[in-house]
There are 4 protein chains.
Amino acid sequence: MEERGQVTGLTKGRVEALTDGIFAFAMTLLVTTLDFPNSTTTLPPITVSSLVSLYTPDLLHYVIAFAVLAGFWVTHHIQFHYIQAMDRTALWTNITCLLFVALVPFTTALAGDYPDSPLAAMVFEVNLLIIGLLILLIWNYATVGRRLVEKTLDEKVVILHTRRSLIIPVISVIGILLALAGSTWSTAVYLLSVPFILAIKRYS
Amino acid sequence: MEERGQVTGLTKGRVEALTDGIFAFAMTLLVTTLDFPNSTTTLPPITVSSLVSLYTPDLLHYVIAFAVLAGFWVTHHIQFHYIQAMDRTALWTNITCLLFVALVPFTTALAGDYPDSPLAAMVFEVNLLIIGLLILLIWNYATVGRRLVEKTLDEKVVILHTRRSLIIPVISVIGILLALAGSTWSTAVYLLSVPFILAIKRYS
Amino acid sequence: MEERGQVTGLTKGRVEALTDGIFAFAMTLLVTTLDFPNSTTTLPPITVSSLVSLYTPDLLHYVIAFAVLAGFWVTHHIQFHYIQAMDRTALWTNITCLLFVALVPFTTALAGDYPDSPLAAMVFEVNLLIIGLLILLIWNYATVGRRLVEKTLDEKVVILHTRRSLIIPVISVIGILLALAGSTWSTAVYLLSVPFILAIKRYS
Amino acid sequence: MEERGQVTGLTKGRVEALTDGIFAFAMTLLVTTLDFPNSTTTLPPITVSSLVSLYTPDLLHYVIAFAVLAGFWVTHHIQFHYIQAMDRTALWTNITCLLFVALVPFTTALAGDYPDSPLAAMVFEVNLLIIGLLILLIWNYATVGRRLVEKTLDEKVVILHTRRSLIIPVISVIGILLALAGSTWSTAVYLLSVPFILAIKRYS
């Protein structure tokens, strides 16, 4: 029934649908990390300075998490443009990747609510590192021996997207090292690297 | 691999799928701004007057936010009907727009829970203003020099949809000015402008 | 650009996508009405009797709301099978309907957390009544003069689906009357009517 | 209008869309069982040991629930690959199945927050058992007499997928028996059975 590890009836399109759904929900759920006021309990007074002090770290991590997830989503779609088929290994590696994508709202909440904790920042960075490595793993698995891509796919394309898939993992490792060194704002490394990413993309 | 800034494998359809997902989810998440009762804590007694006093501001902002997001969604789809292709700039402007769409449940909760605060209303109005301006920006970027639309697209269509995209930003600026002047119900300006919008749409 | 109130680029398919999304999310969000335990606060001891007493009303309303929303979703799709086109009026009536669909998790939480309150039950029943009437309204609007359906559509089909669309509104009105009479379990009327609905469907 | 119990306008594709939506959303909502910190209340200090003790049971159940739901989703799609049509019975059995899928975030929260309670683990296992049995029921209903599948479908395919659909129910029954015997970590049975499942799949 199922040859070469392929899963009957599970086309690339269906896996993309689940992936799109989980990415869209995880990105929207990020907003719940902003600690909504709740009028059934006593509300603190609201002033410009209270809003700024209460929500600046939350908002910063919301923007980072949303942008990084969007970047992963773009990468995922570029890869699936080249991938022609799904087998059991690629399917479950992708599901494991989605498990960590769905976890991002939680680690974002941790990092945003403990802005002074290098540990909370590190948990967030390790989460993004794992997603990045799993996306890289799917790409390698699919392209080594042209297992799930066209036999004639140019090696340059393989190398280009391997390099791009390394960007977020490298930034995450830098962030983790900064956090280990005691920095409390190590997650800012994702924002600082934006001009760097744009430059790489232009010349790659 | 990628000519003229196009992103391999990211078709208009895929961007629409992510956009539909985030809009639908953000619109449904709005309901969580209504401060659900929680039976694991002590529940306040429920009467018609307690329901009215507790939920009127929340419900009002729920309706405004749902209707404005629905309007943005309609506008987005009309624009994407004309847009033929995606490039990197349009993609990331769209993702930035979605970042602010996903933020609406939070700013709606703020405005609904602090009905007496012009500041909370202003945060909500600024959020809608930014979404409106980003949608306008995508339209301008796509149509200037017919960059991402058909070369033969009638200038009248461009002007018509530019004007329509200005409606929510203009209302938001009026709301922000009212809030700055100290009005506590500045968000009602979105409801008051409904007959005005219907009139414009009929004669445009 | 837009003839006879039609909205450029907004096909029936796109409206169905938003509708599917909001129905799926609202139905899944219903689970949050079950008052999750939260291990960051003190947890009550867990026993069979505490689970039963704490969650029976919540679960009952979860099942009712899930089943009624599923029924509305089925009805919506049967109607959209016959509807050929969308105009501005049908679009915004549908969006208003979705606004009340997205509200169901909130009114379900109210009814489940105040099982002894006829008022809370009534709010829930009024919510379902409004959704039912709006779905009926779309069907009437689309079929009167065969406005948005095929000109040759059999009048029997129109009448059949009008009758079916009346089932939930009629049950809701009975529930509201029971609640007004002081009954605390008026929402059970939705469950009691299941065999009745099955009988109607068989012989219609 | 509707022959042999078929529902007009409700194609297999539409049912798959609702199913995909509810699965994706339920899997993403699982993250909310991790008890996000909330910066509007007093935050406990964060250390490696507090994170580990607070979140280990939650994370374990998050991983189990995500993986089991992903497995159900894969099974569902394989079945729908063979199923050619939907009738009223299959539709509502599927909706009932989705009702229990949407319930998983709640029972996962129970099991994760009461790691020392065999009762909480049992509620979680019963939930997964019911989903598994309903998926099996749909498969049996569709294939007995080749009711909703191709008349020529090989009996070997029917038996293969019946066996596979029994894996999670069997594991759940083992978990329930362990919980009844007083074991506090009965849910770990899902993890322990992974190598077993892989072996079965290879040789089936």
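The dialogue below goes through a predicted model of four chains and sets its computed values against the definitions behind them.

Modeller: Residues are numbered from 1 along each chain as its sequence is written, and chains are lettered from A in the order in which they are written. Because the model is predicted, local features need pLDDT of at least 70 and side-chain atom pairs count only at pLDDT 80 or more, whereas totals for chains, interfaces and linings use all residues.

Colleague: What makes chain A a chain of helices and no strands?

Modeller: Helices are DSSP runs of H or I with at least four residues, strands are runs of E with at least two, and both are numbered from the N terminus. By that rule chain A has seven helices and zero strands, and its pattern along the sequence reads α-α-α-α-α-α-α. The C-alpha trace of chain A spans about 65 × 40 × 25 Å along its principal axes.

Colleague: Why are the surfaces through which chain A and chain B meet called different?

Modeller: Only 7% of the interface residues of chain A are also interface residues in chain B, so the copies meet through different surfaces. Two residues are in contact if their C-beta atoms, placed from the backbone, lie within 7 Å, and on that basis 28 residues of chain A touch 29 residues of chain B. On the side of chain A that touches chain B, two or more residues each come from α1 (12–29), α2 (48–82) and α5 (155–180) of chain A, with the largest share, 10 residues, from α2(A).

Colleague: What is the make-up by class of the side of chain A that touches chain B?

Modeller: Ala, Val, Leu, Ile, Met, Phe, Trp, Tyr, Cys and Pro count as nonpolar, Asp, Glu, Lys and Arg as charged, and the others, Gly among them, as polar. That side has 20 nonpolar, seven polar and one charged residues.

Colleague: Which chains do not touch, and how far apart are chain B and chain D?

Modeller: Chain A and chain C do not touch, and their nearest C-alpha atoms are 9 Å apart. No contact joins chain B and chain D either, whose closest C-alpha atoms also lie 9 Å apart.

Colleague: Why is α3(A) described as largely enclosed?

Modeller: A residue is buried if 20 or more other C-beta atoms, placed from the backbone, lie within 10 Å of its own, exposed if 12 or fewer do, and partly exposed in between. In α3(A), 21 of the 26 residues are buried, so this helix is largely enclosed by the rest of the structure, while buried residues make up 48% of the 204 residues in chain A.

Colleague: How do you know that the span of α3(A) agrees with its number of residues?

Modeller: The expected span is 1.5 Å times one less than the number of residues; for the 26 residues of α3(A) this gives 38 Å, and the end C-alpha atoms are 38 Å apart, which agrees.

Colleague: Which residues touch the most other members of the largest nonpolar core?

Modeller: A nonpolar core is a set of buried Ala, Val, Leu, Ile, Met, Phe, Trp, Tyr and Cys residues joined through C-beta atoms within 7 Å. Of the 261 residues in the largest one, L69(A), L69(B), L69(C) and L69(D) touch the most other members, and helix α3 (residues 88–113) of chain A gives the largest share, 15 residues. Leaving aside residues up to four places away in sequence, L69(B) touches F23(B), A26(B), M27(B), V101(B) and V104(B).

Colleague: Why is R146(C) called partly exposed?

Modeller: R146(C) has 14 other C-beta atoms within 10 Å, and is therefore partly exposed. R146(C) is in the loop between α4 (118–143) and α5 (155–180) of chain C, and its phi is near 50 degrees, a positive value in a residue other than glycine.
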